[in-house]
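This briefing goes through selected parts of one structure, grouped by topic. Please keep the sequence and the 3D view at hand while reading.

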Amino acid sequence: MMAQYLALKQQAEGCLLFYRMGDFFELFFEDAKIAASVLDIALTSRGEHGGAPIPMCGVPVHSAESYLARLIRAGCRVAIAEQTETPEEARKRAGSKALVARDIVRFVTAGTLTEDALLEPRRANVLAAVCAVRGVAGIAACDISTGRMELEECAPEAIPAALARLGATELVMAEDSGLDLPEAGERPARAFDSQRGSDRLMALHGVATLDGFGAFSRAMLAAAAGLIDYLEHVGRGNLPLLLPPVVREAGAFMAMDEATRASLEILSASSGGRKGSLIEAIDRCVTSAGARLLAEDLAAPLTDLAAIRARLELVSWLHDDPLLRGDLRAVLRAAPDVGRALGRIVAGRGSPRDLGQLRDGLSEAQRLQALLAARADRPALADSLIPALGGHGALIDLFARALVPAPPTERTNGGFIAAGYDAALDALRDAAGNSRRAIAALEARYREETGTPSLKIRHNGVLGYFIEVPARHADRLMAPDSGFTHRQTMAGAVRFNALALHEEASRIAEAGGHALAAEEAHFEDLTARAVAAREAIAMTAAALARIDVAAGQAERAAEGSWCLPHLSEDTALTIRGGRHPVVEAALAARGERFVANDCTLTPRDRLWLIGGPNMGGKSTFLRQNALIVILAQAGGFVPAEAAEIGIVDRLFSRVGAADNLARGRSTFMVEMVETAAILAQAGERSFVILDEVGRGTSTYDGLALAWAVAEAVHEANRSRCLFATHYHELARLAETCDALSLHHVRAREWKGDLVLLHELAEGPADKSYGLAVARLAGVPAPVVKRAKSVLDRLEKGRAATGGLAAGLDDLPLFAAAIEAAEEKVDALREKLASIDIDSLSPRAALDLLYDLKREL
């Protein structure tokens with residue numbers, strides 16, 4: 001057995017090997033140690049290998065999914081080795097001591113999951129493949145749980161931004177590709193062949209050309225080839241659901257790099273979870289598919305004006321009709337996750353319950369179609385979705401007749417085909433039912449014949465049906481002429497068989513076996529029907545998700561009194577009464593009010609320099625305007641009184657930074673890398689938010705960098721930009737930069753306390769209020785007092801010389817030296833007065849004289 005295990009382990013390619021032994025998956029050697037640690041299960045041992053005990057642990061097959069989920073979340077990959085023959089088949093093949101054949105049937109990795117227990121319902125699970133072809137990078141991405149597949153190409157330096165948008169949970173690339181992607185698993189370069197990719201896609205979708213799907217470059221097709229090859233590898237030859245590929249055009253979506261996505265906390269907060277993120281604040285979808293589509297919309301806002309307006313028209317229509325919106329959401333709430341059920345069925349991992357979900361989901365889609373078709377004032381996007389919601393009448397009718405109302409998740413025990421669908425199956429079930437009634441009659445007869453009221457006919461998986469009596473009554477059945485055959489003696493009972501019972505048990509087993517076989521045949525037929533209609537079903541699932549997103553966006557807008565944004569092709573950005581959706585929600589939960597602010601960027605006033613105290617709301621103001629732009633171009637209402645937005649092609653956010661020790665970068669280095677990317681890529685249609693550029697180095701260096709960056713954004717990039725800073729000296733830029741204006745967040749000191757007003761006003765900030773904020777933060781009073789004295793000396797020096805840090809050359813080291821009204825101290829006089837001259841030796845007197853001279 002260990003030889004078989006070790007041979008399979010060689011094929012597992014570094015994965016943990018789940019080795020099937022009866023009702024358990026067993027792990028051995030280092031795999032067992034890793035699994036026992038991650039899963040917190042007992043580590044045992046079995047036999048010896050090389051003179052040492054073999055570490056071992058195991059998990060039950062029936063609950064393996066929950067253990068797999070924990071291993072995958074811990075970053076492990078798992079190979080599943082199943083028995084490929086029964087013990088009876090093994091004995092026939094090689095005798096009574098034959099080892100049951102096993103083989104790896106599937107690799108379980110983060111990007112190739114389809115089971116509900118292993119997936120997050122409201123988040124897509126994306127697998128991506130990357131390759132480089134003649135200086136161009138190709139990216140193929142798919143979510144195999146729903147079958148959606150996208151192909152794109154970009155410059156190699158743009159790969160990190162593309163992958164950040166996709167949020168891939170697993171990444172593979174061609175070996176020796178030269179790409180710097182340490183998180184990617186490598187696959188043979190020969191798998192990434194563009195001609196092979198074209199041939200595989202055509203074969204998959206039964207077409208002679210890919211022209212009907214779009215124009216695919218060589219880099220895209222090479223990446224697609226690598227992706228399909230990897231899916232075939234992990235599925236051991238079985239491919240999951242893959243829908244026709246969609247081309248993602250580079251300019252069709254707003255570009256955001258990884259740093260921008262992280263700082264704006266679009267899909268996950270800085271803590272790593274969904275709570276506190278933009279999507280958590282706006283998601284009102286009632287289906288998991290809708291939530292996943294909303295995440296895609298926010299990750300890739302549109303730049304096509306017509307497409308944005310189409311989405312906004314649908315949201316606005318549902319916003320203005322709360323009754324229709326409520327009806328649609330009620331129907332959607334009852335709809336199961338059709339896309340993922342279809343994905344499991346096509347991948348060969350479907351269950352009767354998945355077929356039932358297709359039936360119920362397609363039925364709810366028909367109801368939605370009727371609701372929408374009854375309206376005469378439909379927007380164009382609703383009209384385009386209506387056909388996709390129907391067309392499944394025959395399939396729904398078939399599944400409704402064939403399946404019970406609530407099919408089980410397992411098909412091995414049958415019971416999922418409805419009565420009346422198959423007369424032969426019904427007859428087999430009746431035969432089994434009649435036999436059970438016959439067994440009940442036998443039990444009554446045996447009780448009467450033996451005079452044993454406690455006699456029972458029982459059943460288990462080892463003995464089948466048997467007669468059981470208490471031990472004290474066993475003698476009556478042990479008699480040679482009793483008609484009963486002894487089977488087993490227990491502690492307090494004895495078990496028997498009888499000819500009539502054996503005959504009835506055989507009839508039950510035969511009828512039950514035929515019934516299970518009939519149900520299995522029906523399951524295969526129903527699955528084939530679903531697979532044949534997979535593309536139409538997938539279109540229905542996509543239409544349901546889009547309607548859910550639009551209704552959810554309308555619901556959120558109605559909740560928060562959000563406005564319909566107006567988008568145009570110009571470069572203006574005018575937001576009146578804008579609010580930060582996440583911060584506003586957090587304040588509302590505490591019963592507090594968010595202070596709204598305006599933002600008006602025009603070609604003549606495109607760069608705002610914003611000063612004011614820490615905690616005054618500068619960073620919130622910067623982020624809220626970026627989030628409003630994202631929400632608008634994703635096709636939703638925005639938290640503002642009014643918003644006019646010129647299409648933004650690229651969004652850059654350099655707000656906050658953390659070090660990246662793994663790549664040898666300090667906080668300041670990370671800040672400079674991000675700033676360099678902005679200066680290299682931002683253009684007139686871009687929107688840039690910058691917060692405290694230059695704060696991570698010396699005051700002079702920081703001020704010089706902030707000055708130069710502000711000038712470059714104004715003169716070279718000419719982007720719309722909000723620039724927050726504490727360097728008051730930058731206010732002089734307004735004298736030379738005609739499209740730069742000065743603003744500040746308001747604050748007041750009242751009786752020694754700082755009052756933060758969170759309001760934006762025109763003009764430069766009068767001061768930073770840093771010491772007042774430190775006092776609010778709980779910095780000890782003596783430290784704040786000392787800082788105040790240092791600040792006074794610095795400001796006096798600056799006033800006298802005009803220099804930023806003048807006055808530092810004669811800054812006293814100790815606070816006591818500048819305390820007012822302190823008595824003067826003459827250290828030499830005190831030392832001389834304390835000396836006992838008569839007790840000094842000549843050498844000590846000479847040393848003392850030297851000390852006094854030095855001190856003087």
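A residue is called buried here if its relative accessible area is under 20%, exposed if over 50%, and partly exposed in between. The model is predicted.

**Helix α17**

- Helix α17 covers residues 423-450. Its buried residues are L425, D426, A432, G433, S435, I439, L442, E443, Y446 and T450.
- In an α-helix, residues three or four places apart point the same way, because there are 3.6 residues a turn.
- The partners of these buried residues of α17 are the strands β14 (456-460), β15 (464-470), β16 (484-489) and β17 (493-498), together with the helices α18 (474-478) and α19 (499-532).
- The end C-alpha atoms of α17 are 40 Å apart, which agrees with the 40 Å that its 28 residues should span at 1.5 Å a residue.
- D422 caps the N-terminal end, with a side-chain oxygen 3.0 Å from the backbone nitrogen of A424.
- After the helix comes G451, whose phi is positive, near 65°.

**E519 in helix α19**

- E519 is part of helix α19, and with a relative accessible area of 3% it is buried.
- E519 touches L425 and R429, and also G414, G415, F416 and I417, leaving aside residues up to four places away in sequence. L425 is also one of the buried residues of α17.

**Nonpolar cores**

- The largest nonpolar core has 108 residues. Those with the most contacts inside it are L298, L318, L358, F399, I630, F687 and L722.
- Helix α20 (residues 534-560) supplies the largest share of this core, twelve residues.
- What does I630 touch, beyond residues up to four places away in sequence? Its partners are M254, M256, L264, I266, L278, L298, P301 and L651.
- A second, separate core has 46 residues, among them M21, A79, L227 and Y230.

**Aromatic rings and charges over them**

- The structure holds eight aromatic pairs.
- F18 and F25 form a tilted pair, because their ring centres are 5.5 Å apart and their planes stand at 40°. F18 is buried, with a relative accessible area of 0%, and F25 is buried as well, at 4%.
- Y19 and F28 form an edge-to-face pair, because their ring centres are 6.3 Å apart and their planes stand at 70°. Both Y19 and F28 are buried.
- One aromatic cluster is formed by Y5, Y19, F28 and F29.
- R20 lies over the face of F25, 5.8 Å from the ring centre. R248 lies over the face of F253, 4.2 Å from the ring centre.

**Residues with positive phi**

- Most residues other than glycine have a negative phi.
- F29 has a positive phi, near 55°. F29 lies in helix α2 (residues 29-39) and is partly exposed, with a relative accessible area of 22%.
- E692 also has a positive phi, near 60°. It lies in the loop between β24 (687-691) and α24 (699-717).
- Is E692 buried or exposed? At 8% relative accessibility, E692 counts as buried.

**N597 in strand β20**

- N597 is in strand β20 (residues 597-601) and is buried, with a relative accessible area of 10%.
- A polar atom of the N597 side chain lies 2.8 Å from the backbone nitrogen of L760.
- Apart from neighbours within four places in sequence, N597 is in contact with I575, G577, G578, F621, Q624, H758, E759 and L760.

**M615 in a loop**

- M615 sits in the loop between β21 (607-611) and α22 (618-633).
- M615 counts as exposed because its relative accessibility is 54%, and the cut-off for exposed is over 50%.
- Not counting residues up to four places away in sequence, M615 touches L756, H758 and V773. H758 is also among the contacts of N597.
- M615 and A335 are 280 residues apart in sequence, and their C-alpha atoms are 45 Å apart in space.

Technical notes. Residues numbered from 1 in each chain as written. Predicted model: local features only at pLDDT ≥ 70, side-chain atom pairs only at ≥ 80, totals over all residues. Heavy atoms only, no water. Core = buried A, V, L, I, M, F, W, Y, C linked by side-chain atoms within 4.5 Å. Buried < 20%, exposed > 50% of the residue type's maximum accessible area, 1.4 Å probe, protein only. Helix = DSSP H or I, 4+ residues; strand = E, 2+ residues; numbered from the N terminus. Contact = heavy atoms within 4.5 Å. Expected span 1.5 Å × (residues − 1). Polar contact = N/O pair within 3.5 Å; in protein donor to acceptor, adjacent residues only side chain to side chain. Phe/Tyr/Trp six-rings, centres within 6.5 Å; stacked < 30°, edge-to-face > 60°. Lys NZ or Arg CZ within 6 Å of the ring centre and 35° of its normal.
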